Amino acid sequence: YSTITNTQFGVISSLGNLNVASTTIHTTAVGIQFNNEGTFELGGSTFMSQSQKAVSLGGSRILFLNHAGNTGNGAIFMQMELSGNQVFSKDGLPYIIDYLSIPTDASLTILPGAVVKITADASFIVTGTLTSMGTSADPVIITSYKDDTVAGDSNGDGTATIPAPGD
(Lines give C-alpha, C1' and ligand atoms only; values in the text may rest on other atoms or scores of the structure.)
Protein backbone atom coordinates (compact mmCIF):
# COMPACT_ATOMS: atom_id res chain seq x y z
CA TYR A 1 0.00 0.00 0.00
CA SER A 2 1.41 3.34 -1.08
CA THR A 3 0.31 6.94 -1.41
CA ILE A 4 1.78 9.31 -3.98
CA THR A 5 0.71 12.94 -3.85
CA ASN A 6 1.48 16.46 -5.11
CA THR A 7 3.86 15.58 -7.95
CA GLN A 8 3.97 16.17 -11.71
CA PHE A 9 4.14 12.39 -12.31
CA GLY A 10 3.25 9.77 -9.72
CA VAL A 11 5.19 6.89 -11.31
CA ILE A 12 7.27 6.89 -14.51
CA SER A 13 8.64 3.70 -16.08
CA SER A 14 10.85 3.71 -19.15
CA LEU A 15 12.51 0.30 -18.76
CA GLY A 16 11.26 -3.19 -17.91
CA ASN A 17 7.99 -4.17 -16.29
CA LEU A 18 5.78 -2.28 -13.84
CA ASN A 19 3.25 -3.54 -11.29
CA VAL A 20 1.21 -0.95 -9.37
CA ALA A 21 -1.25 -2.33 -6.81
CA SER A 22 -3.23 -0.91 -3.89
CA THR A 23 -1.82 2.56 -4.46
CA THR A 24 -3.49 5.93 -3.98
CA ILE A 25 -2.27 8.58 -6.39
CA HIS A 26 -3.65 12.09 -6.04
CA THR A 27 -2.97 15.68 -7.03
CA THR A 28 -0.66 14.80 -9.91
CA ALA A 29 -0.73 15.79 -13.57
CA VAL A 30 -0.20 12.18 -14.70
CA GLY A 31 -0.63 9.38 -12.17
CA ILE A 32 1.36 6.69 -14.01
CA GLN A 33 3.38 6.95 -17.21
CA PHE A 34 4.59 3.69 -18.80
CA ASN A 35 6.61 4.17 -21.99
CA ASN A 36 8.33 0.98 -23.01
CA GLU A 37 8.01 -2.57 -24.23
CA GLY A 38 7.05 -4.83 -21.38
CA THR A 39 4.33 -5.85 -18.96
CA PHE A 40 2.23 -3.30 -17.10
CA GLU A 41 -0.04 -4.43 -14.25
CA LEU A 42 -2.46 -2.15 -12.41
CA GLY A 43 -4.95 -3.23 -9.78
CA GLY A 44 -6.88 -1.95 -6.81
CA SER A 45 -5.54 1.59 -7.09
CA THR A 46 -7.31 4.91 -6.55
CA PHE A 47 -6.75 8.04 -8.63
CA MET A 48 -7.90 11.42 -7.32
CA SER A 49 -7.48 14.96 -8.70
CA GLN A 50 -5.42 14.07 -11.76
CA SER A 51 -5.09 17.24 -13.84
CA GLN A 52 -4.31 15.34 -17.06
CA LYS A 53 -4.35 11.52 -17.06
CA ALA A 54 -4.66 8.77 -14.48
CA VAL A 55 -2.54 6.44 -16.63
CA SER A 56 -0.59 7.13 -19.83
CA LEU A 57 0.60 4.10 -21.82
CA GLY A 58 2.92 4.60 -24.77
CA GLY A 59 5.21 2.26 -26.63
CA SER A 60 5.18 -0.98 -28.53
CA ARG A 61 4.42 -4.55 -27.55
CA ILE A 62 2.84 -3.66 -24.22
CA LEU A 63 1.17 -6.47 -22.30
CA PHE A 64 -1.40 -4.70 -20.11
CA LEU A 65 -2.56 -7.11 -17.39
CA ASN A 66 -4.79 -7.21 -14.32
CA HIS A 67 -6.20 -3.72 -14.60
CA ALA A 68 -9.30 -4.18 -12.48
CA GLY A 69 -10.59 -2.62 -9.31
CA ASN A 70 -9.25 0.87 -10.00
CA THR A 71 -11.36 3.88 -9.08
CA GLY A 72 -11.30 7.66 -9.16
CA ASN A 73 -11.03 10.32 -11.80
CA GLY A 74 -8.99 10.41 -14.96
CA ALA A 75 -8.60 7.81 -17.67
CA ILE A 76 -6.27 5.20 -19.09
CA PHE A 77 -4.76 7.04 -22.07
CA MET A 78 -3.31 4.78 -24.79
CA GLN A 79 -0.73 5.43 -27.49
CA MET A 80 0.55 1.91 -27.96
CA GLU A 81 0.79 -1.41 -29.74
CA LEU A 82 -0.73 -4.31 -27.83
CA SER A 83 0.94 -7.64 -27.23
CA GLY A 84 -0.72 -10.97 -26.46
CA ASN A 85 -4.35 -11.36 -25.47
CA GLN A 86 -5.69 -8.22 -23.83
CA VAL A 87 -8.97 -7.41 -22.08
CA PHE A 88 -10.62 -4.04 -21.46
CA SER A 89 -12.85 -4.43 -18.43
CA LYS A 90 -15.54 -2.38 -16.76
CA ASP A 91 -12.97 -0.80 -14.53
CA GLY A 92 -14.25 2.55 -13.36
CA LEU A 93 -11.72 4.34 -15.57
CA PRO A 94 -12.45 4.83 -19.29
CA TYR A 95 -9.93 3.82 -21.95
CA ILE A 96 -8.88 6.75 -24.17
CA ILE A 97 -7.42 5.76 -27.52
CA ASP A 98 -5.14 8.16 -29.36
CA TYR A 99 -3.20 5.41 -31.12
CA LEU A 100 -3.86 1.71 -30.66
CA SER A 101 -2.55 -1.11 -32.80
CA ILE A 102 -3.66 -4.72 -32.43
CA PRO A 103 -1.14 -6.67 -34.55
CA THR A 104 -1.79 -10.04 -36.20
CA ASP A 105 -0.53 -12.03 -33.20
CA ALA A 106 -2.55 -10.05 -30.62
CA SER A 107 -6.18 -9.77 -29.55
CA LEU A 108 -8.36 -7.35 -27.63
CA THR A 109 -11.62 -8.33 -25.96
CA ILE A 110 -13.79 -5.51 -24.63
CA LEU A 111 -16.02 -6.72 -21.80
CA PRO A 112 -19.59 -5.58 -21.02
CA GLY A 113 -19.74 -2.12 -19.43
CA ALA A 114 -16.30 -1.00 -20.60
CA VAL A 115 -16.07 2.60 -21.85
CA VAL A 116 -13.74 3.42 -24.75
CA LYS A 117 -13.31 7.02 -25.88
CA ILE A 118 -11.59 7.91 -29.14
CA THR A 119 -9.65 11.18 -29.70
CA ALA A 120 -10.36 13.27 -32.81
CA ASP A 121 -7.18 12.29 -34.67
CA ALA A 122 -6.94 8.73 -33.37
CA SER A 123 -5.50 5.77 -35.20
CA PHE A 124 -7.09 2.44 -34.27
CA ILE A 125 -5.43 -0.29 -36.33
CA VAL A 126 -6.66 -3.88 -36.13
CA THR A 127 -4.90 -6.65 -38.03
CA GLY A 128 -5.32 -9.11 -35.14
CA THR A 129 -8.60 -9.84 -33.35
CA LEU A 130 -11.02 -7.35 -31.80
CA THR A 131 -14.05 -8.71 -29.92
CA SER A 132 -16.74 -6.60 -28.24
CA MET A 133 -18.73 -8.56 -25.64
CA GLY A 134 -21.42 -5.97 -24.78
CA THR A 135 -24.97 -7.00 -24.00
CA SER A 136 -28.26 -5.11 -24.20
CA ALA A 137 -28.23 -4.83 -20.39
CA ASP A 138 -24.54 -3.86 -20.14
CA PRO A 139 -23.23 -2.55 -23.47
CA VAL A 140 -19.69 -1.70 -24.46
CA ILE A 141 -19.68 2.05 -25.04
CA ILE A 142 -17.43 3.51 -27.73
CA THR A 143 -17.74 7.27 -27.98
CA SER A 144 -15.94 10.55 -28.53
CA TYR A 145 -13.22 11.79 -26.17
CA LYS A 146 -15.37 14.92 -25.88
CA ASP A 147 -18.38 12.99 -24.54
CA ASP A 148 -18.81 13.99 -20.89
CA THR A 149 -22.09 12.07 -20.49
CA VAL A 150 -20.28 8.73 -20.25
CA ALA A 151 -17.54 8.16 -17.64
CA GLY A 152 -17.17 11.89 -16.95
CA ASP A 153 -15.13 14.75 -18.38
CA SER A 154 -12.12 12.78 -19.65
CA ASN A 155 -10.64 15.67 -21.62
CA GLY A 156 -10.85 18.00 -18.61
CA ASP A 157 -12.44 20.95 -20.39
CA GLY A 158 -15.74 21.14 -18.53
CA THR A 159 -18.52 22.01 -20.96
CA ALA A 160 -16.26 23.74 -23.52
CA THR A 161 -16.64 20.90 -26.05
CA ILE A 162 -19.42 18.51 -26.97
CA PRO A 163 -19.27 15.30 -29.02
CA ALA A 164 -20.18 15.44 -32.68
CA PRO A 165 -20.12 12.96 -35.58
CA GLY A 166 -16.59 12.51 -36.90
CA ASP A 167 -14.70 13.45 -33.79
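Visitor: Is N17 buried or exposed?
Guide: Start with the cut-offs. Buried means under 20% relative accessible area, exposed means over 50%, and partly exposed lies in between, with a 1.4 Å probe and protein chains only. N17 has 58% relative accessibility, so N17 counts as exposed. One caution before we go on: this is a predicted model, where local features need pLDDT of at least 70, side-chain atom pairs count only at pLDDT 80 or more, and totals for chains, interfaces and linings use all residues. Residues are numbered from 1 along each chain as its sequence is written, and side-chain values use heavy atoms, leaving out hydrogens and water.

Visitor: Where is N17 found?
Guide: Strands (E, at least two residues) and helices (H or I, at least four) are DSSP runs, numbered from the N terminus. N17 sits in the loop between strand 1 (2-13) and strand 2 (18-21). Strand 2 itself holds N19. N19 is exposed, because its relative accessible area is 52%.

Visitor: Which residues does N17 touch?
Guide: Contact means heavy atoms within 4.5 Å. Leaving out residues up to four places away in sequence, N17 touches F34, G38 and T39.

Visitor: How far is N17 from T28?
Guide: Their C-alpha atoms are separated by 22 Å, and they are 11 residues apart along the chain.

Visitor: How do I read a nonpolar core?
Guide: The general idea comes first. In soluble globular proteins, nonpolar side chains tend to be buried together. A nonpolar core is a set of buried Ala, Val, Leu, Ile, Met, Phe, Trp, Tyr and Cys residues joined through side-chain atoms within 4.5 Å. The largest one here has 32 residues, and those with the most contacts inside it are I32, F40, V55, L57 and F88. Strand 6 (residues 53-65) gives the largest share of this core, 5 residues. Take L57 as a case. Not counting residues up to four places away in sequence, its contacts include F34, F40, I76 and M78.

Visitor: How many aromatic pairs are there?
Guide: Rings of Phe, Tyr and Trp (its six-membered ring) pair if their centres lie within 6.5 Å; planes under 30 degrees apart count as stacked, over 60 as edge-to-face and the rest as tilted. A search of the whole structure finds 2. The F34 and F40 rings have centres 5.3 Å apart and planes at 35°, so this pair is tilted. The F88 and Y95 rings have centres 4.1 Å apart and planes at 5°, so this pair is stacked.

Visitor: How many salt bridges are found?
Guide: A salt bridge is a side-chain nitrogen of Lys or Arg within 4 Å of a carboxyl oxygen of Asp or Glu. The whole structure has 1. K90 forms it with D138, and the closest N and O atoms are 3.7 Å apart. The pair links distant parts of the chain, 48 residues apart. K90 is in the loop between strand 9 (85-88) and strand 10 (95-102), while D138 is in the loop between strand 13 (129-132) and strand 14. K90 is exposed, with a relative accessible area of 56%. D138 is partly exposed, at 26%.

Visitor: What about D147?
Guide: For charge, Lys and Arg count as positive and Asp and Glu as negative; His and the chain ends are not counted. D147 is buried yet has no salt bridge. The nearest side chain of opposite charge, K117, is 5.8 Å away. D147 lies in the segment after strand 14 (141-144).

Visitor: Which side chain joins S107 in a polar contact?
Guide: The side chain of N85, at 2.7 Å. S107 is in strand 11 (residues 107-110). S107 is buried, with a relative accessible area of 14%.

How values were computed: Polar contact = N/O pair within 3.5 Å; in protein donor to acceptor, adjacent residues only side chain to side chain.
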